[in-house]
Amino acid sequence: MQATDQAFFEAYKRLDRLCSDAFSCRNGVTAYIDEMNRCSPRGRHLVPGWEQDLSTLKALRHLRNRMAHELDTDGVCTEADAAEAGDFHARILSGNDPLARLNRMAAPEKKPPTARVPENVSRDSGRREKPERNIWIGIAITAAVICLIALIPIIFL
């Protein structure tokens, strides 16, 4: 196995392991490809470069399968192949991969709803406890705990 083949194989294994962890399965790149195929109708329209990324992943998987299952595959990989596998791995980690981009576009950022107070209602209805009272309650609880801790040796002797 040549150095470029070995570099590609290691980069592919890292990518496959990352995808396996993400999809909780054994064949991670295949699961990623399957998910892209499942989401393809939306992905093609919403994510620029969707088809190119899908094609690249399929080519990387095909190259890995050739290396793993065929004879005389020495020198079939280029440095660009290893770089593409490493690049896709980095894109997944940074959240810039096609599925992450699709998820961000499909689920727009939601702002928490804000309560509207009618103009004739006071914002402070008087129901809130004063902060000073909360402090005294905390001090009282702390003092009670300290007293109980101090009584433990007396009780068990």
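**Met36**

Leaving out residues up to four places away in sequence, Met36 touches Trp50, Asp53, Leu54, Leu57, Pro98 and Leu99; contact means heavy atoms within 4.5 Å.

I then asked which residues have the most contacts inside the largest nonpolar core. They are Phe8, Leu15, Tyr32, Met36, Trp50, Leu57 and Ile92, in a core of 25 residues. Such a core is a set of buried Ala, Val, Leu, Ile, Met, Phe, Trp, Tyr and Cys residues joined through side-chain atoms within 4.5 Å. At least two residues of this core come from each of α1, α2, α3, α4 and α5. In soluble globular proteins, nonpolar side chains tend to be buried together.

**Conventions**

I number residues from 1 along each chain as its sequence is written, and side-chain values use heavy atoms, with hydrogens and water left out. Because the model is predicted, local features need pLDDT of at least 70 and side-chain atom pairs count only at pLDDT 80 or more, while totals for chains, interfaces and linings use all residues.

**Chain overview**

I found six helices and zero strands in the protein chain, in the order α-α-α-α-α-α. Helices (H or I, at least four residues) and strands (E, at least two) are DSSP runs, numbered from the N terminus. Of the 157 residues, 27% are buried; buried means under 20% relative accessible area, exposed over 50%, and partly exposed in between (1.4 Å probe, protein chains only). Among contacts with a separation of 6 or more, 62% join residues 24 or more positions apart.

**Aromatic pairs**

I counted three aromatic pairs. Rings of Phe, Tyr and Trp (its six-membered ring) pair if their centres lie within 6.5 Å; planes under 30 degrees apart count as stacked, over 60 as edge-to-face and the rest as tilted. Phe8 and Tyr12 have ring centres 5.9 Å apart and planes at 40 degrees, so this pair is tilted. Both residues sit in helix α1, four residues apart, about one turn of the helix, and both are buried.

Tyr32 and Phe88 form an edge-to-face pair, 5.4 Å centre to centre with 90 degrees between the planes. This pair links distant parts of the chain, with Tyr32 in helix α2 and Phe88 in helix α4, 56 residues apart. Tyr32 counts as buried because its relative accessibility is 4%; Phe88, at 3%, also counts as buried. Ring pairs link Phe23, Tyr32 and Phe88 into a cluster.

**Helix α5**

I listed Pro98, Leu99, Ala100, Arg101 and Leu102 as buried in α5. The buried residues of α5 pack against α1 (3–23), α2 (28–46), α3 (50–69) and α4 (79–94).

Beyond residues up to four places away in sequence, Met105 touches Leu46, Val47 and Pro48. Met105 and Val47 are 58 residues apart in sequence and 8.3 Å apart in space, C-alpha to C-alpha.

**Helix α6**

I checked Ile137, which is found in helix α6 (residues 131–155). Ile137 is partly exposed, with a relative accessible area of 38%.
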